[in-house]
Amino acid sequence: MDWLNGTTIAMLLFAIGATALIVRKDLVVKLLALGLVNSSGILFLISIRFRPEMEAPILPTRAGMPIADPLPQALVLSAIVINFAILALSLVFVMLLVERYHSTDCGRIEHAVEVDRAAPESRSAREDESASRQDEEAR
Amino acid sequence: MKTLVRNILAVVLSLAVFGIVVFDLAIPEEPARVDDSALLAATTGAPNLVSAVYLGARLYDTLFEVLVFTVAVIGVRFYLLRRSSEAPSASIPESHVLQASAQILYPLILILGVYLTCFGHLSPGGGFSGGVVAASGLLLCVMSIGADTVYRRLSGAGIERLEWALPMLIVAACVLPLAFARPALSNLLPVGRAGHLFGSPSILLLNVLIGLKVLIGSWMVLYAFIRHRGEI
């Protein structure tokens, strides 16, 4: 089980996240996958400079023990905050898209945007139609 | 008048951030800031080496991290609060079990956030994590007494003005060492005895400022989402 360490788990998580990011159509699922990719990057950066016998980088440590490199940990802190910022902002944009196109499916939204671009005047009619469809679903 | 003041503040803020680079290059650097961990802990006075790195040796990164966070909060508020003024969403009442347990838990979690912020240079923690923990305490507070009550009390305390003042204060804490003929981004206050709460006052100051900034910013994001989607 020597191969099962933070690095390999991070690569596995990255693969899962990137696959979901490409394959799934739902924008919210895409955001969750983006979060997974981000976390896998964080796990990777932390684990490449860490061995199980190392101490946490807080002095004083036990004599003779090697301590983990604090630099990647400090840099990962920026990554976490920026991850939070990206997630919050893109969630807001997804909410705006849902308000306008009543769907989280990126294929449908792209189609609706193309329809809008082809015939801008038909938008209001389509919005009425989607609103009435939503009313029916609510009932 | 208000716009003028705001424009002047914006220009000063951006000039200060870029001035740090210029002055930091102009004034000769202290010898070997990061040589080994003991030296790093001695120059910053923080036994927690992660804090010593991100609030001491690499403070410039952290400065921009705070700015990125500020921009994200501004973006969320701009897009969400502008929309929600048109159609305020109805609030959904919480269950009694959740209300009662949130009421017990939120003071403890707020205190844990304050502890993590203040002892960030001695033990795991720091401004960013402490601020987020305190913000989750505020979220529990919202669950127990309602979002609008919390918002009224906090904005009554002038929390919004503080939110915009905090990035300025953080930049000021980074630039002020220049006034004492030391390089920008170095220790503002003298290093005390290592391993004590006031052993590295400048890191403590920055941690508290960043913790407040993250707490208020996360609360603003939370409140924008709550306003837009009803109670949690």
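This is a predicted model: local features need pLDDT of at least 70, side-chain atom pairs count only at pLDDT 80 or more; totals for chains, interfaces and linings use all residues.
I began with Val142(B), which is buried because 23 other C-beta atoms lie within 10 Å (buried means 20 or more such atoms within 10 Å of the residue's own, with C-beta atoms placed from the backbone). Val142(B) sits in helix H6 of chain B, residues 127–145 (helices are DSSP runs of H or I, at least four residues, numbered from the N terminus).

Residues are numbered from 1 along each chain as its sequence is written, and chains are lettered from A and ligands numbered from 1 in the order in which they are written.

Next I looked up the partner of H6(B). Helix H5 of chain B, residues 96–118, packs on H6(B) at about 160 degrees, with the axes 7 Å apart (axes are lines fitted to C-alpha atoms, for helices over the stretch in contact, and angles run from 0 to 180 degrees between N-to-C directions). That makes H5(B) roughly antiparallel to H6(B) (an angle over 145 degrees). Their contact holds 14 nonpolar, 11 polar and no charged residues (nonpolar: Ala, Val, Leu, Ile, Met, Phe, Trp, Tyr, Cys and Pro; charged: Asp, Glu, Lys and Arg; polar: the others, Gly among them).

Last, the chain pair: 18 residues of chain A are in contact with 22 of chain B (C-beta atoms, placed from the backbone, within 7 Å). On the chain A side I found 16 nonpolar, 2 polar and no charged residues.

Terms used
Helices (H or I, at least four residues) and strands (E, at least two) are DSSP runs, numbered from the N terminus. A residue is buried if 20 or more other C-beta atoms lie within 10 Å of its own, exposed if 12 or fewer, and partly exposed in between; C-beta atoms are placed from the backbone. Two residues are in contact if their C-beta atoms, placed from the backbone, lie within 7 Å. Angles under 35 degrees count as roughly parallel, over 145 as roughly antiparallel, 65 to 115 as roughly perpendicular and the rest as oblique.
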